[in-house]
Number of protein chains: 2
Amino acid sequence: MKYSALSQQGRRTTPPPISWLMKTALAHPGLISLAAGFTDNATLPVRSARKLLNEILATPQSGQPALQYGTTAGEPALRQLTATRLQQLDGQQDKSHAADRVIITSGSQQLLYMTMEALCDEGDIVLVEDPTYFVFLGILQSRGVRACGVKLERDGLSLAHLEAVLERLKKSGELARVKALYLVSYFQNPTGATTSLAKKAAVLKLLRSYERAAGHPLYLLEDAAYRELRFAGQDIPSALTLRGAADRVIYAGTYSKSFATGARLGFGLLPEPLFSTVINIKGNHDFGSANLIQALLTRALASNQYGQHLNRIRKGYARKAAIMQRALAEHFPADAEIWSAEGGLYFWVRLPAKIRTGVKSKLFQTALKNNVLYVPGSLCYADDPARPKPDHEMRLSFGSASETALREGVARLGATLRQLSSRKS
Amino acid sequence: MKYSALSQQGRRTTPPPISWLMKTALAHPGLISLAAGFTDNATLPVRSARKLLNEILATPQSGQPALQYGTTAGEPALRQLTATRLQQLDGQQDKSHAADRVIITSGSQQLLYMTMEALCDEGDIVLVEDPTYFVFLGILQSRGVRACGVKLERDGLSLAHLEAVLERLKKSGELARVKALYLVSYFQNPTGATTSLAKKAAVLKLLRSYERAAGHPLYLLEDAAYRELRFAGQDIPSALTLRGAADRVIYAGTYSKSFATGARLGFGLLPEPLFSTVINIKGNHDFGSANLIQALLTRALASNQYGQHLNRIRKGYARKAAIMQRALAEHFPADAEIWSAEGGLYFWVRLPAKIRTGVKSKLFQTALKNNVLYVPGSLCYADDPARPKPDHEMRLSFGSASETALREGVARLGATLRQLSSRKS
């Protein structure tokens with residue numbers, strides 16, 4: 001055959017960088033991975049999952065529904081518990097937080113995917129933080145959607161740069177192609193940065209002010225995947241609490257990170273017409289996520305096993321983050337800018353601009369030889385012709401490595417940095 | 001706002017007919033649904049799922065991996081067990097049946113969705129049985145892919161008509177838009193028809209012979225969702241056993257129907273370049289189905305709890321199918337053509353052409369008043385301008401209703417038919 005039968009999407013979709021990183025990790029036994037976004041194995045709720053599943057499957061009355069099909073939107077009890085929990089976190093109970101806006105999905109990833117399907121045609125534009133969650137960039141790339149990067153500061157994206165980007169798109173006549181802004185608002189993947197409520201409000205207002213020129217709503221897609229992994233400081237209300245949120249804010253959350261990644265259960269709260277559209281799309285994807293897992297999370301939330309589990313893992317991550325912070329202070333050069341986090345799984349390191357961190361860089365390759373892996377920062381930047389991709393940063397995760405491995409991994413990376421800089425001088 | 005921000009796909013995607021049927025069922029307490037494609041609640045493996053999950057979660061060694069992320073393609077052990085099982089069913093162990101072609105998905109529905117994403121652009125064509133599985137039609141409609149119906153006979157689709165359709169598309173210059181033929185080959189949803197191996201071979205050969213004119217491979221997508229629910233007669237080898245299958249046949253299977261619908265676990269075997277493409281797409285959808293459910297199925301298969309469960313439910317469905325057959329013989333008019341099945345969940349009934357069965361028909365509405373629900377046949381036909389949609393058929397499921405309800409439901413439907421025909425005469 002001269003041609004393949006693949007679709008444009010099929011041809012476009014590339015293996016995600018994470019596959020390559022995972023393969024690399026597997027190919028190097030003895031490697032310490034500070035790259036994986038996995039949660040800590042030791043903290044997974046083996047005992048409480050066993051207890052809860054035993055209860056669910058103890059009788060045909062509760063067991064059969066858990067092993068049967070459910071509805072596309074998800075178990076009513078879980079949708080309600082999800083809404084209630086968000087109301088508690090946000091200290092607000094209004095239209096934006098209603099249970100009938102909740103859809104239960106296979107991880108928040110599926111919610112992100114379907115939301116992009118519902119909103120974006122090929123050639124459309126989504127604004128993203130610069131840098132951002134690289135699997136989200138994969139969704140956009142795969143679907144031929146363009147990403148425009150907006151500079152990220154410690155307390156969220158730069159409002160001045162957001163306005164400049166919107167203004168540029170308005171001038172170039174491309175504003176009608178903009179559909180949404182994607183914000184990983186709590187302990188962002190990859191930088192650990194958290195967006196202040198004031199910035200969320202300003203972002204929503206700014207988007208609103210460009211809607212007339214766009215000719216349609218500009219949605220704020222808030223990805224709060226790491227919100228419940230806060231181990232220091234105070235929780236910040238979500239964008240759902242903002243004035244005008246009820247018809248503009250999409251909220252994506254997950255129980256994967258906070259309970260068990262092996263459960264792969266996430267959720268979204270969406271305004272109409274997006275809610276109905278995403279439900280219809282999910283009807284074609286899988287007509288509902290596994291009921292058994294939904295029953296597990298329903299019971300975990302209702303019995304507060306979920307809350308107790310969260311308390312335990314927060315303490316664990318607090319300890320590991322402190323270990324990473326100390327190790328970085330000890331082993332990394334003084335001119336490295338370190339973004340530590342009050343939650344989530346990641347630290348972000350900015351090295352002096354002359355030190356390249358990319359996959360092909362001396363640093364990455366030498367680190368690999370020294371048996372330590374990080375995520376090169378450049379993987380987290382959109383293909384945006386408006387700026388060159390920064391290539392002197394790294395994401396370090398304290399999620400899955402043991403405390404000993406964290407210390408050793410950071411020490412190895414620090415030694416690699418010293419090794420290279422001494423060679424150069 | 002003057003315009004909505006929805007994508008073309010977002011605008012196109014409609015609520016699936018099944019949602020409407022489910023809502024109707026819920027709104028009529030006392031209704032007997034012969035419409036639902038659910039499996040039998042009473043046969044769900046509550047006890048064995050409990051036992052297996054207890055084993056998995058008994059120790060951190062086996063419990064932690066089940067609650068952690070896995071790989072996008074699925075658990076290696078489950079991929080291997082899936083391949084082995086298919087090899088046993090097909091009595092063949094070759095390239096087409098290799099474990100490294102297996103991808104584990106959220107129901108076979110997700111496999112169908114991603115395969116269509118990998119293959120079809122808007123405006124492309126997929127050949128389908130006439131009638132076919134209506135949720136598959138939903139995928140095509142949502143993505144702007146055209147469906148061309150090929151007449152269905154009792155032993156699979158009409159080869160003469162398939163050739164005529166291919167010839168017509170060749171003449172109209174549209175053959176390059178054809179990407180695949182979709183075949184629900186075992187106890188088809190909705191008709192219960194099973195495709196003979198001879199027909200599968202002839203179909204694959206015919207597709208091959210049009211590839212030169214198409215300019216690319218024409219895939220045979222075999223959906224074997226109901227294969228393991230055979231309760232009479234001998235299993236038929238899959239299309240994977242055919243000469244030339246290794247680079248043209250996509251096989252979709254599921255553990256949802258055969259073990260537990262609430263597990264939502266399916267799988268596919270795909271040739272390259274489709275396998276890699278679908279894996280990459282799944283990386284964007286959810287980067288892997290829930291590991292906990294995969295661990296459950298792995299253990300069910302390895303311990304033969306799966307096989308024992310299958311034996312039990314096959315006996316149950318055999319009994320229920322016999323009840324439906326007797327009830328139809330007793331209560332339905334003699335001029336109704338009844339397609340009974342040797343497996344699966346469905347019977348198909350063709351009434352005389354003058355008796356309309358659609359949602360708006362007198363029959364459907366009167367049946368609803370008499371508290372019995374069926375799936376109108378017309379919902380299972382593609383929007384194909386090449387022929388009018390038949391509207392005198394119905395799908396009857398013996399899956400979820402109890403034995404008593406089956407008898408009563410068919411009696412009510414029969415009475416409704418007599419009621420309407422006596423009024424007319």
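# Notebook: chains A and B

I began with B:Phe398, which sits in the loop between β14 (393-397) and α15 (403-424) of chain B. The model is a predicted one, and I kept that in mind for every entry below. B:Phe398 is buried, with a relative accessible area of 0%. I listed what B:Phe398 touches, leaving out residues up to four places away in sequence: B:Phe231, B:Tyr317, B:Lys320, B:Ala321, B:Met324, B:Gly343, B:Gly344, B:Leu345, B:Tyr346, B:Phe347 and B:Leu406. I also checked B:Leu34, which is 364 residues from B:Phe398 along the chain; the two C-alpha atoms are 6.6 Å apart.

I turned to A:Lys282, in helix α11 (residues 274-285) of chain A. Is A:Lys282 buried or exposed? A:Lys282 is buried, and its relative accessible area is 0%. I found its side chain in polar contact with the side chain of A:Gln110, at 3.0 Å. Beyond four places in sequence, the residues that A:Lys282 touches include A:Thr72, A:Ile103, A:Ile104, A:Met114 and A:Phe287. A:Thr105, A:Ser106, A:Gly288 and A:Ser289 are also among them.

**Interface of chain B and chain A**

I looked up the extent of the interface next. On the chain B side 84 residues are in contact with 85 residues of chain A. The buried area is about 6700 Å², and carbon and sulfur atoms give 60% of it. In chain B, the residues that lose the most area to chain A are B:Leu67, B:Tyr69 and B:Asn284, together 12% of what that side buries.

I then counted polar pairs. Between chain B and chain A there are 53 residue pairs in polar contact, both residues at pLDDT 80 or more. Several helices of chain B supply at least two residues each to the side that touches chain A, among them α1 (8-12), α3 (46-56), α6 (107-119) and α12 (291-302). Which helix gives the most to that side? I noted α11(B), with 7 residues. By class, the side of chain B that touches chain A has 38 nonpolar, 34 polar and 12 charged residues.

The rule finds 2 salt bridges across this interface. I looked at B:Glu117 and A:Arg143, whose side chains meet in a salt bridge at 3.9 Å, N to O. A:Glu117, A:Arg143, B:Glu117 and B:Arg143 are linked in a network of salt bridges.

**Salt bridges within the chains**

Over all chains the count comes to 53 salt bridges. I followed three of them within single chains.

The side chains of A:Glu55 and A:Arg299 meet at 3.2 Å, N to O, in a salt bridge. A:Glu55 lies in helix α3 (residues 46-56) of chain A and A:Arg299 in helix α12 (residues 291-302) of chain A, so this pair ties together parts that are 244 residues apart in sequence. A:Glu55 is partly exposed at 30% relative accessible area, and A:Arg299 is partly exposed at 29%.

A:Asp155 forms a salt bridge with A:Lys199, with the closest N and O atoms 2.9 Å apart. A:Asp155 is in the loop between β4 (146-153) and β5 (156-157) of chain A and A:Lys199 is in helix α9 (residues 197-209) of chain A, so the pair ties together parts 44 residues apart in sequence. A:Asp155 is partly exposed, with a relative accessible area of 33%, whereas A:Lys199 counts as buried at 8%.

In chain B I looked up B:Glu342 and B:Arg230, whose side chains meet in a salt bridge at 3.2 Å, N to O. B:Glu342 lies in the loop between β10 (337-339) and β11 (346-350) of chain B and B:Arg230 in the loop between β7 (219-223) and β8 (249-254) of chain B, so the pair ties together parts that are 112 residues apart in sequence. B:Glu342 is partly exposed at 42% relative accessible area, whereas B:Arg230 counts as buried at 9%.

**Helix α12 of chain B**

My last entry is on α12(B), which has 12 residues. From first C-alpha to last α12(B) reaches 16 Å, close to the 16 Å expected at 1.5 Å a residue. How many of its residues are buried? I noted 10 of the 12, so by the under 20% cut-off the helix is mostly covered. The buried residues include B:Asn291, B:Leu292, B:Ile293, B:Gln294 and B:Leu301. B:Asn304 follows α12(B), and its phi is positive, near 65°.

Methods:
Residues numbered from 1 in each chain as written. Chains lettered and ligands numbered in written order. Predicted model: local features only at pLDDT ≥ 70, side-chain atom pairs only at ≥ 80, totals over all residues. Heavy atoms only, no water. Contact = heavy atoms within 4.5 Å. Buried area = accessible area lost by both parts, 1.4 Å probe. Salt bridge = Lys/Arg side-chain N within 4 Å of Asp/Glu carboxyl O. Polar contact = N/O pair within 3.5 Å; in protein donor to acceptor, adjacent residues only side chain to side chain. Helix = DSSP H or I, 4+ residues; strand = E, 2+ residues; numbered from the N terminus. Nonpolar A, V, L, I, M, F, W, Y, C, P; charged D, E, K, R; others polar. Expected span 1.5 Å × (residues − 1). Buried < 20%, exposed > 50% of the residue type's maximum accessible area, 1.4 Å probe, protein only.
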